[in-house]
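Colleague: I would like to learn how to read the features of a model in order. Please give me the general idea each time, then the case at hand.

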Amino acid sequence: MFYEPNKENPFKIDPFKSLVFPRPIGWISSVSINGVANLAPYSYFNAIADEPPQVMFCSNGSSVNRKYKDSLSNILSTKEFVVNFATSETREQMNITSGDFKPDEDEFYFSKLKTKKSKLVKVPSVKNSPVNLECKLLRTIKLKSNSKKISTMIIGEVIGIYINNKFIKNNRIDSIAMRYIARMGYSEYTTIDSKFNLRRK
Ligand SMILES: Cc1cc2nc3c(=O)[nH]c(=O)nc-3n(C[C@H](O)[C@H](O)[C@H](O)COP(=O)(O)O)c2cc1C
């Protein structure tokens, strides 16, 4: 099969997200200009550079009755955010935080997740996350959109990295033990539970 997504869609549900997978989930915490904490999962997310470390995520569409999703609007105001990671253990809470909460509603409260004070940014971190990446906003990029949906890429520099010592073994990261979850298409997720080594030529 071959198709041009701008012209046709031979599937009942657009399969694009099932073709690029697994996508890591950046569980983004931010804070509003009024000091209300916010937390939401973003799977158009990844690390994009390491000297200095940089990450990006994309906010597609808006919240009900608002131009931007809360994460984007908060980050544009405060220029800071934290990337947390959802695990097998916190999957249900991650899902709760994807709900369409109002800007003055704190998803940490509704998901019963504990916060942890971050070291270098005012935004709280998710206590139960094996890793927290404290970020400063570098820039936003408006993406092409075929509809009224606003799509924006947010790029941040990671200025502080917390790693739970439990996941450091022999001076290396024990990735499998973290039980990160990642997104596939539809309502499908996967857990990273195996690995193999391949030395670079
Ligand atoms: C696993 C998962 C991944 C998601 N990835 C994205 C994404 O990459 N971009 C996006 O705009 N929305 C994504 N969403 C939807 C947002 O989490 C949802 O719109 C949320 O309400 C946004 O919250 P905010 O307004 O507090 O930023 C995702 C939802 C889930 C459950």
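Modeller: The dialogue below goes from the overall fold to the sheets, a helix, the ligand shell and some backbone details.

Modeller: This is a predicted model, in which local features need pLDDT of at least 70 and side-chain atom pairs count only at pLDDT 80 or more, while totals for chains, interfaces and linings use all residues. Residues are numbered from 1 along each chain as its sequence is written.

Colleague: How many helices and strands does the protein have?

Modeller: Helices (H or I, at least four residues) and strands (E, at least two) are DSSP runs, numbered from the N terminus. Here the protein has five helices and 14 strands. Its radius of gyration, 17 Å, is close to the 17 Å from the globule rule for 201 residues, so the protein is as compact as a globular protein of that length. That radius is taken over C-alpha atoms, and the rule is 2.2 Å times the number of residues to the power 0.38. Along the principal axes, the C-alpha atoms fill a box of roughly 50 × 50 × 35 Å.

Colleague: What share of the residues is buried?

Modeller: A residue is buried if 20 or more other C-beta atoms lie within 10 Å of its own, exposed if 12 or fewer, and partly exposed in between, with C-beta atoms placed from the backbone. By that count, buried residues make up 29% of the 201 residues.

Colleague: In which order do the strands of the seven-stranded sheet run?

Modeller: Two strands pair if DSSP finds at least two bridges between them. The open sheet of seven strands has the order β3-β2-β6-β9-β10-β5-β4, with antiparallel pairing. Its edge strands are β3 and β4 (45–50), each of which pairs on one side only. From one strand to the next, the twist averages 35 degrees.

Colleague: How many bridges join β9 to β10?

Modeller: Eleven bridges join these two antiparallel strands, and Lys 142 stands opposite Thr 152 in β10. On the β6 side, β9 pairs with β6 in the antiparallel sense over five bridges, with Val 83 opposite Leu 133 in β9. β4 and β5 also pair in the antiparallel sense, over five bridges; there the bridge partner of Asp 50 is Pro 53 in β5.

Colleague: Is Lys 136 buried, exposed or partly exposed?

Modeller: In a regular strand the side chains alternate between the two faces of the sheet. Lys 136 is found in strand β9. Because 15 other C-beta atoms lie within 10 Å, Lys 136 is partly exposed. Two residues are in contact if their C-beta atoms, placed from the backbone, lie within 7 Å. Leaving aside neighbours within four places in sequence, Lys 136 is in contact with Lys 79, Glu 80, Gly 156, Glu 157 and Ile 159.

Colleague: Which residues of α2 are buried?

Modeller: An α-helix has 3.6 residues a turn, so residues three or four places apart point the same way. In α2, the buried residues are Asp 70, Ser 71, Leu 72, Ser 73, Asn 74 and Ile 75. Their cover includes β2 (26–31), β3, β5, β6 (80–84), β9 (131–142) and β10 (151–163). Just after α2, Lys 79 takes a positive phi of about 65 degrees.

Colleague: Which residues are closest to the ligand?

Modeller: A residue is near a molecule if its C-beta atom, placed from the backbone, lies within 6 Å of it. Here 19 residues surround the ligand, the closest being Ala 40, Tyr 44, Lys 69, Asp 70 and Ser 71. The elements that give two or more residues to this shell are β3 (37–42), β5 (53–60) and α2 (70–78). β3 gives the most, with four residues.

Colleague: Where are the cis peptide bonds?

Modeller: One joins Phe 21 and Pro 22, with omega about -10 degrees; Pro 22 lies in the loop between α1 (16–19) and β1. Another joins Glu 51 and Pro 52, with omega about 5 degrees, and Pro 52 lies in the loop between β4 and β5.

Colleague: What is the phi of Asn 171?

Modeller: Phi of Asn 171 is near 65 degrees, a positive value in a residue other than glycine. Asn 171 sits in the loop between β11 (168–169) and β12 (172–173). With 5 other C-beta atoms within 10 Å, Asn 171 is exposed.

Technical notes
Axes fitted to C-alpha atoms, helices over the stretch in contact; angles between N-to-C directions.
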